[in-house]
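Colleague: I have some questions about this model. Can we go through them chain by chain?

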Amino acid sequence: MTEKSGPWTDAYRRLVKNRLAVAGAGVVAVVTGLCFLLPPLLGLDPATTNPSIAHQPPGAGHLLGTDGLGRDYLARVLVGGQTSLLIGFAATVASVVVGVLYGAVSGYYGGRIDEVMMRFVDFLYGVPYMFLVILIMLLFSETARGNPLPVFVALGLVEWLTMARVVRGQVLTLREREFVLAARLLGAGDFRVIFRHILPNVAGIVTVYGTLTVPAVIILESFLSFLGLGVKLSWGQLVAEAVGVVNPIRSYWWLLLWPSILLATTLLSLNFLGDGLRDAVDPKARR
Amino acid sequence: MTDVLLEVTNLAVHFPAVPLPVRAVDGVSFRIRRGETLALVGESGCGKSTVARAIMGLVPPTTGEIRFDGAPAPPLGETARRPLLSKLQMIFQDPDASLNPRLTIQASIAEPIEIREPGLSRTERESRVTGLMNDVGLDPSMRARYPHELSGGQRQRVCIARALAVRPELLVCDEAVSALDVSIQAQILNLLVDLRERFALSFLFITHDLRVVRHLANRVAVMYLGQIVELGPTDALFDAPRHPYTEALLAAVPSLDAARAVATRARGDIPSPSNPPSGCRFHTRCPKVFERCPKESPELFVLSDDRHCRCFLAESEAVPSVRSPSA
Amino acid sequence: MTGEAPERDATPLLSVEDLSTEYAIDGRVVRAVTHVSFSIGRGQVVGLVGESGSGKSATGLSILRLLPREGRIAGGRVLFEGTDLAKLPEADMRRVRGGRIAMIFQDPMTSLNPYLRVEEQLAEAGVLHLGLSHRKAVAEAVALLERVGVPDASKRAHGYPHEMSGGMRQRAMIAMALLGKPSLLIADEPTTALDVTIQAQILDLLRELVRERGLSVILVTHDLGVVAEIADRILVMYAGRIVETGSAREVLTRPFHPYTLSLLRSVPRLDRRASRLESIAGMPPRLDRGPFTECTFAPRCPLVREGCRAREPDLAPAGPDDRRLRRCILAPDEVAR
């Protein structure tokens, strides 16, 4: 009566008690804010080259130094972050939408439909990831190289599979729960059952897996960049470039350090947040 | 509007399994008249829950027929089932699992109303729900709460209110009070008796607790391994059981007053429904077993006084009849 | 049972004195057991009866110090054969558990390790508590399984728990408990999950074992019928307190506490149909709000008076028999109505 207590508010309360998760959320928020707000605010320019000031260590004028072409590294790291984060979140959203719908339909209808749908998922799982990506890259013309779209498609294609499997499993269980049976006996049609009864009870696990998908996507993208298949400017790309200029004579430590720190910190924070969400949402934790 | 509300004839439900199918229900027949309460009693593996689910259309029968108010009752999913959804409702055993944890009490109870009368305004719906909550003894101010904030007994009341919203004629209660504490159980049983009178409901009450049966039911059907082994009016059956299994069940109910009837104890464990014993299925545990029992299966003999018994010991009293399935 | 308490030994086997147990949940302290005292002699069966939240299970777990992480004994003594179990170091406690005092639980499925053969688990008690060699312990285990009525005992022992039915598993649990030759068995809802005919068999078995071995049993249950069948004495618990004690027959036929009376009246009877079951309105009180300033049952009591709200009554004798106690200010005949 005094405090509202719904399944979401309870989960929220549990979440905020988890310091690591809250810290993680905070860090992600700060990093995202910096990447998106600082460049326009400070008028940072990641693209203008100036060979005369190439490879400058951090100092006045260039807080994080400059790269091989004299571009301001602070600008590049922040704008690169925009891309990494954007790809991470966008690909995740796409994989969630596709995965949830696919898994819900497969799990709810069961039988032959489920078998066929899941065989397809199994098949896609079996295809080597790199093979897929290269295939997609080849499908797009040369001019699209470095463009985020093909990368985005490739990443989305892989991540929805896990989500579909997870959701299908949950739906299979939920489908037999008494409250779902009761709804059907009361006259609820499939649409209502899926959207009002099953999906809201799947939302918890979807949130958790979704949050954990973001870092997975960011890492995949970084990996692609390392192989030279990534986008023009992202953290992964910066790391790849930095590694490319490693030599025994001069160390350009700042080129590797800044993107690595940001990448690692963001990934860790997202993982803490995801773990915290899982603990908060897990019904077994509910007494 | 016939007198017989529900008629089940030779119902069998077999679930495919390896190596042998599970014969959960194997030839069950009975009738429920309008206003009657029939209790279906038995222990694990007897098939009583499967009978309930088959009646509700949740499980398709392997063979046999289910008729409601004269018309066939197809499984859920077929369009012919739609009109029956308002006539038959079910209360489940686990009040935890019977309510969507993400919906408020108001939303859960209002759902059937929303489905049937989508044109109603929010206030009209709310007042309907208020009426239903009052009917089941719930404080309407609790409508905004979520299931986990309510006790087991309260949750079960919500389920009853939800079922009543469609104005059913037959309520199937599948161990509806088994998960509740004794004093709460009494509250819910009293409520069911009240509602039965107020709304002229018929009940199919499924339970393993014979004490509840005595209190609530007009007639009792005792099930064992997929078959009905005894059927008759409650008082008569309790005071003078004819089937050794019924005797064993009654004697096994622990109480201060129960006679020390160790001689009627059923021996050993309950066999599996995928591999029932030969002949009379109870013969492996029966304290009165004799040589005919493992060899032949007794039919459900009709006895002279509206009683049925599936035991050779009762055969001599049997009224010769065409394969009439039920009273 | 006869309902007559056997002659009291000079020293009872177990004497619980003023036991209090708390759980720390979500920052609150829940007093699950408050000032509970009782004793049990050799060969006696004591029934601890109550509904959920009454503290009966917590009492049983406290005796063997098997409380979960968030629970702890907040006060009192648990004297067993002269030693206070509440203060015993954990290493010594482990020697008691499964040895001198054994416990069986409601769900045999989770009490038996599905990955170990039945004989392995049972033999463990023999090796740990009786110092037997593994081979001898297994032989003991098979013998006990036979004794508790498991058919084909050696074959069953060599198999796994999932190959046994619920009733058989519970028998195996009893055998496992008996292997350490305990003098006291704590049974927490041992038959609740079983079918009625199997329940009857298990109760018969327990009764025989009590007779044969002079085993003492604390039976924790919500089922009044079960205590009627097997207990010599009954302790009725409500809100973490004992509200009534006495011989089984006395408490069940002439209760002295309104809660016991209401409970008895809410159970439907097998021998005749009641027109209406008496139910107890409301719900049990919360136990995380500190000490009570009134009788814990007062808000729900059909016989409540002024004095009930003044303070919590003591558990006191109702008459000359100092083992017939009740926590109520009403006189016995007022309760019997």
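The questions below cover backbone, fold, chain contacts, helix packing and a sheet.

Colleague: What should I know before reading any angle here, and which peptide bond of chain B is cis?
Modeller: The model is predicted. Most peptide bonds are trans. In the loop between strand S1 (4-15) and strand S2 (22-33) of chain B lies B:Pro19. With omega near -5°, the cis bond runs from B:Val18 to B:Pro19.

Colleague: Is B:Asn10, with its positive phi, buried or exposed or partly exposed?
Modeller: Phi of B:Asn10 is near 50°, and the residue is not glycine. B:Asn10 sits in strand S1 of chain B. Buried needs 20 or more other C-beta atoms within 10 Å, and exposed needs 12 or fewer. B:Asn10 has 14 within 10 Å, so it is partly exposed.

Colleague: And B:Arg167, buried or exposed?
Modeller: B:Arg167 also has a positive phi, near 55°. Its place is the loop between helix H4 (152-164) and strand S7 (170-174) of chain B. B:Arg167 has 12 C-beta neighbours inside 10 Å, so it counts as exposed.

Colleague: Which element gives the most to the side of chain B that touches chain A?
Modeller: Here 21 residues of chain B are in contact with 17 residues of chain A. Strand S6 (88-91) and helix H2 (105-116) of chain B each supply at least two residues of that side. By class, the side has 13 nonpolar, three polar and five charged residues. With four residues, the top contributor is H2(B).

Colleague: Which pair of chains has the most contacts?
Modeller: Chain A and chain C do not touch, and their nearest C-alpha atoms are 10 Å apart. Two pairs of chains do touch. The pair with the most contacts is B and C.

Colleague: How are H3(A) and H9(A) oriented to each other?
Modeller: The axes of helix H3 (residues 73-109) and helix H9 (residues 235-244) of chain A come within 7 Å and cross at roughly 130°. In the contact, A:Arg76, A:Val77, A:Gly80, A:Gly81 and A:Ser84 meet A:Trp235, A:Gly236, A:Gln237 and A:Leu238. Roughly parallel would need an angle under 35 degrees and roughly antiparallel one over 145, so the two helices are oblique.

Colleague: Which strands stand at the edges of the open sheet in chain C?
Modeller: The sheet has four strands in the order S2-S1-S4-S5, paired antiparallel. Strand S4 (residues 71-80) pairs with S5(C) over two bridges, and C:Phe80 has C:Thr83 as its bridge partner. An edge strand here has a single partner, so one side is left without a neighbour in the sheet. The edge strands are S2 (28-40) and S5 (83-84) of chain C.

Notes:
Residues are numbered from 1 along each chain as its sequence is written. Chains are lettered from A and ligands numbered from 1 in the order in which they are written. This is a predicted model: local features need pLDDT of at least 70, side-chain atom pairs count only at pLDDT 80 or more; totals for chains, interfaces and linings use all residues. Two residues are in contact if their C-beta atoms, placed from the backbone, lie within 7 Å. Ala, Val, Leu, Ile, Met, Phe, Trp, Tyr, Cys and Pro count as nonpolar, Asp, Glu, Lys and Arg as charged, and the others, Gly among them, as polar. Axes are lines fitted to C-alpha atoms, for helices over the stretch in contact, and angles run from 0 to 180 degrees between N-to-C directions. Angles under 35 degrees count as roughly parallel, over 145 as roughly antiparallel, 65 to 115 as roughly perpendicular and the rest as oblique. Two strands pair if DSSP finds at least two bridges between them.
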